[in-house]
Amino acid sequence: MIKKVTTASAVRLKLALSLLVALNWSCTKDNDDPMPLPNGAGVLVINQGNFMDNNGTITYLPPDGSTPTYDIFNQINKRSLTGSLQDYTESDGKGLILVDNTTAGQDKVEIIDANTFQSLATLKSPEIENPRSAIRVSANKVYISCWDVSGNASTGTFFKDPGYIAVVDLTTNTVTRKIPAIKGVETLLLVGNEVFAGSAGDATQLTVIDAINDQLKTGIEIGPNPNPVAVDANGKLWVYSSGEMVRINAQTKAIENRLKIGTDPARSASRFRISADKQYFYFVNSYYDAADNYKEKGEVYRFAITDTSVPTTTPFIKRLFSGMAVEPNSGVIYGGITPSFKQAGYVYRYQATGTLIDSVKAEIAPTVFYFK
Amino acid sequence: MRCRDGVFLSFLIGSFFAANGQTNDTDQTLPTVTVRGTTPERFSVGQKIQRIDSVTLEQFRFQTLTDVLTYTTPIAFKVYGAGQLATSSFRGTSANHTAVLWNGININQPTVGLTDFSTLPVAGFDQLAVQYGSSASCVGSDAVGGSILLMSNPKWQQPGFSASAGQQTGSFRNNGTQAGVRFVTALGKRWQLAGKTFLNLTNYKNDFPYRERGHYFVEHSTTRQKGLIQDLSFRNAKNQQLSFNIWLTDNDLIVSPYDTTVRERTRSQSYRFLSSYETDKLTVRLGYIRDIIDYARGNFDTPSHSETDRLVSRIEKEFTKPFSWENATLRVGGEWSHYWTQVDGYGSSLIQEDRADVFALLRIQLAKWLFSANLRQAFVSRFDPPITPSVGAEYSVLQSATTHLTAKASLGRSYRVPTLNERHWKELGNPNLRPENGFNLEAGLSARWLPANRISLSSEATVFRNRIDDWSYWNPEYGYRVENLQLVVARGLEWNGSVAYTGPLWQSGLSLNYALTHSSQKRVYSTYAQDIIGKQLVYVPKHVGRLSAYVAHGKTRLTIQNQVNSRQYITFDNIQFLRGFVLTNVLLETQVKLGPVATRIQGQVNNLFDTVYLNVKRNAMPGRHFTVQLICNLHTKQ
């Protein structure tokens, strides 16, 4: 009797163990359907994700308008990006994804093959800390603005002073140097051989960098939190700072005009984008509606580079976008809608005239668009 | 093969074992030390209750309540990292819907309305039972998905003095120390005195030898836990008992400890004092609880502070044969508590409130039937909680010396008083919230069968439906302001089965547990809510399975613990999820007796197959790791 039970137990144990092995193995597999790759053309939607969930993703919209591919990085590389996504750019056949994790020391830049989305290398801390925006400055050279490690917001020491710009060499996939920049260094814009760098950290100067030798040049005093927007049809640089669009002579660095945006102090303007013909700017004007439990509301407005005032009375598009971009060839406007950070957002496409073309479901908080 | 099929397969194989009678009632046998059933247990007729046996508690005694519950019950946990915050989802409900009672008093943190299960050590209580489903009429607020009942219990049957000292050491430089004494002695001819003093310390350095697992980051954190238990009970021949219980816990969690800019510290301290006077017919309790949470980032000298004090009192009187009714027991009672809370996030003012409850609980026992009918009305300052009735019935379908089959059903209303944070948090809180309103229905069958002398089988199957309206929701569409917005319906079934063989030399057992839960939001309250209607709630796995099996010879026992969890969605529209996973632990324990000292040695392999699985921050949890624990017990009859 005793012997029999022991044997039964042993058999049972073996069965159970082999079952467990099978289960442990099976749970690591996911079945995948064949999917279109972003080789050559199409639009990448950078979905920021919900910060605490570390779940930013990239959606690929094929050029023929067929079904989007969701979370393409995960589908190709079998792992998720584990962070909120801040920006994306491409250079010389490679893509750079800027990933911000809730845990310090876990921010990174994934370098991928831009055609296959295969991961090639990962730039990690301490080279990359709080990456914000990326631009290609020349062959195999990309600048990435980084706030550096963040401190305590409640004691006013959130932004490390200075932040820096990481210089990435794509032949070796490494950060070759860090250019110290202003506090909270943010948006980057290449104009000729110079890069203009904005700030989110209450700096008042626009940083100027010589993109050939990676040296800081004399900055331009503009006003609180200046960020470069674009160069218009007349070759003028536009910078947004605290309720004003500031027009600058990119060569002499002289401020030529300050254009006030809207009149309502309760509203704030953001996401300035230039039209394909470089004659107009689109922007989002938003506010928190106290009458509706402080829900964020807003619309898109437009003004011409020659306008002398920018009233925010007649919206161009009556929707609040969490991200906006203009396709540089067709002038089609892409707007990201974020119902909440806990469910998928949508991408709405409009003609340059403001006529709605279509909409497509994206992922969590579509914020940045990259036109391949 | 998908994970879902795997779960199903293990379920099938489990049934096969049971059907063949090769195995038997698990470690579910409880030593007969329960003197009085707690109120929720006795009056929640028709509902499922699970008692965690003392062998299992002993195996988990250096671990937390999260660990023991994830391996023995289908409760899903939302875990933020090794040793970090762990909150429950019981039967598809949220973290605010599990009541945790310590000797009958709700010890959920009133500010957040929940318990961080990682802060409660298993060593802190003597008995653990899990009450499934709503039991607002017996428990009060928070008991919407279920209740966790922690009890201190004097061992009146074991007179004498015992001392124990234990040490645990494990991978990642993690270790724990426990020491305590307990005694039961006569005081004259009529009185007995029992006491327990127990101290537990853990120091988890979580010094992982890797920073990543399967390309996912493994977050570093350290946890230091201190706990003190002091129990003292007087009992006389008339079974009148006066008890004093003190339970102090101090949990100090530091995430990213070596980075002085971004490190985060959460220190949770709870001071719980309770005095009770109990007779067969009367219970009077008076308690005082202070909960402190300090959170700091970077600079630990100026934490954000939250402090809540509660004075709790309760009186319950029981009448047998009320109105000369032979088969009935009536219990009536009232509870009153006063809260003082001071939280940095509420502004600087002290917030006070009163809460009171009155209840009447009726239990009727007939030859084959057992009924209960309960009623409770709560009163809360500035609130109007609903009246919560419940009724339940159990019918003994079969009853013989070897077979018991019982059919059960119950229905009841439940509610939850909004948490202090939900009402008072600056800007985001909403003082005009209404209490949530739940309605729970469940029915089940439970069976016990003794087919042969040494073999016992038991099984229970339950189906439930819990509808919760006015579900309060930190609405992400409104910058996470709280609203009574949603209507959630949780439905599911639970099955557990166990087989045990108890021979003169060998014992073995297998216990299986499976739950299917579908819990979703039903109300369209905005254009984009369309995308989340009917979708599984976040962090609620659809399938969970638990398996535990053991073989014992004398004092030596080999145990396998296993948990299976299907994917947990992380977005309301279910487009993203954490993958399902299976975890397995193996334990080997034995006891050596040297003179009067009995030494228990337990070796344990956790995450045997080195599974990569993720927590809610999408960081990887630790891989395979080991612990060894040694507990010396000395018992004298003096």
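Student: Let's start with chain A: what share of its 372 residues count as buried?
Tutor: Good place to begin, and keep in mind that this is a predicted model. Chain A has 2 helices and 26 strands, and its C-alpha atoms fill a box of roughly 100 × 45 × 45 Å along the principal axes. Of its 372 residues, the share that counts as buried is 46%.

Student: Among chain A contacts between residues at least 6 apart in sequence, what percentage join residues at least 24 apart?
Tutor: This figure looks at how far along the chain the contact partners sit. For chain A, the part of those contacts that joins residues at least 24 apart is 39%.

Student: Which residues have the most contacts inside the largest nonpolar core?
Tutor: That core has 90 residues. Its largest share, 5 residues, comes from strand 20 (residues 280–289) of chain A. Apart from it lies another core, of 89 residues, with B:Phe77, B:Ala143, B:Val488 and B:Val540 among them. In the largest core, the residues with the most contacts are A:Ile97, A:Ile144 and A:Ile165.

Student: Which residues does A:Ile165 contact, leaving aside its neighbours within four places in sequence?
Tutor: A:Ile165 is one of the residues with the most contacts inside the largest core, and A:Ile144, which is another of them, is also one of its contact partners.

Student: What percentage of the 638 residues of chain B count as buried?
Tutor: The C-alpha atoms of chain B fill a box of roughly 65 × 65 × 50 Å along the principal axes. Among its contacts with a separation of 6 or more, 64% are between residues 24 or more positions apart. The buried part of chain B is 50%.

Student: What does the UniProt record say about residues 44–146 of chain B?
Tutor: In the model, the end C-alpha atoms of this span lie 11 Å apart, and the span is 17% helix and 25% strand. The record, an unreviewed entry, annotates these residues as "domain: TonB-dependent receptor plug".

Student: Which residue in the turn between strand 27 and strand 28 of chain B has a positive phi?
Tutor: Strand 27 (residues 543–553) and strand 28 (residues 556–565) pair antiparallel over 10 bridges, with B:Tyr550 and B:Thr559 as bridge partners. They form a hairpin with 2 residues between them. The turn residue with a phi of about 60° is B:Gly554.

Student: Which residue in strand 31 of chain B stands opposite B:Val564?
Tutor: Strand 28 of chain B is also joined to strand 31 (residues 581–594) by 9 bridges, and the two run antiparallel. Opposite B:Val564 stands B:Val582.

Student: Is B:Phe439 buried, exposed or partly exposed?
Tutor: B:Phe439 sits in strand 23 (residues 436–452) of chain B. Beyond its neighbours within four places, it contacts B:Arg413 and B:Arg467. A residue needs 20 or more other C-beta atoms within 10 Å to be buried and 12 or fewer to be exposed. B:Phe439 has 16, so it is partly exposed.

Student: Where in chain B does the pLDDT stay under 50?
Tutor: Chain B averages a pLDDT of 90, and 94% of its residues score at least 70. Where pLDDT is low, the predicted coordinates should not be read in detail. In chain B, the stretch under 50 is residues 1–36.

Key. Residues are numbered from 1 along each chain as its sequence is written. Chains are lettered from A and ligands numbered from 1 in the order in which they are written. This is a predicted model: local features need pLDDT of at least 70, side-chain atom pairs count only at pLDDT 80 or more; totals for chains, interfaces and linings use all residues. Two residues are in contact if their C-beta atoms, placed from the backbone, lie within 7 Å. Helices (H or I, at least four residues) and strands (E, at least two) are DSSP runs, numbered from the N terminus. A nonpolar core is a set of buried Ala, Val, Leu, Ile, Met, Phe, Trp, Tyr and Cys residues joined through C-beta atoms within 7 Å. Two strands pair if DSSP finds at least two bridges between them. pLDDT is the predictor's confidence in each residue, from 0 to 100. UniProt positions are given in the numbering used here, feature names are shortened, and annotations may be inferred rather than shown by experiment.
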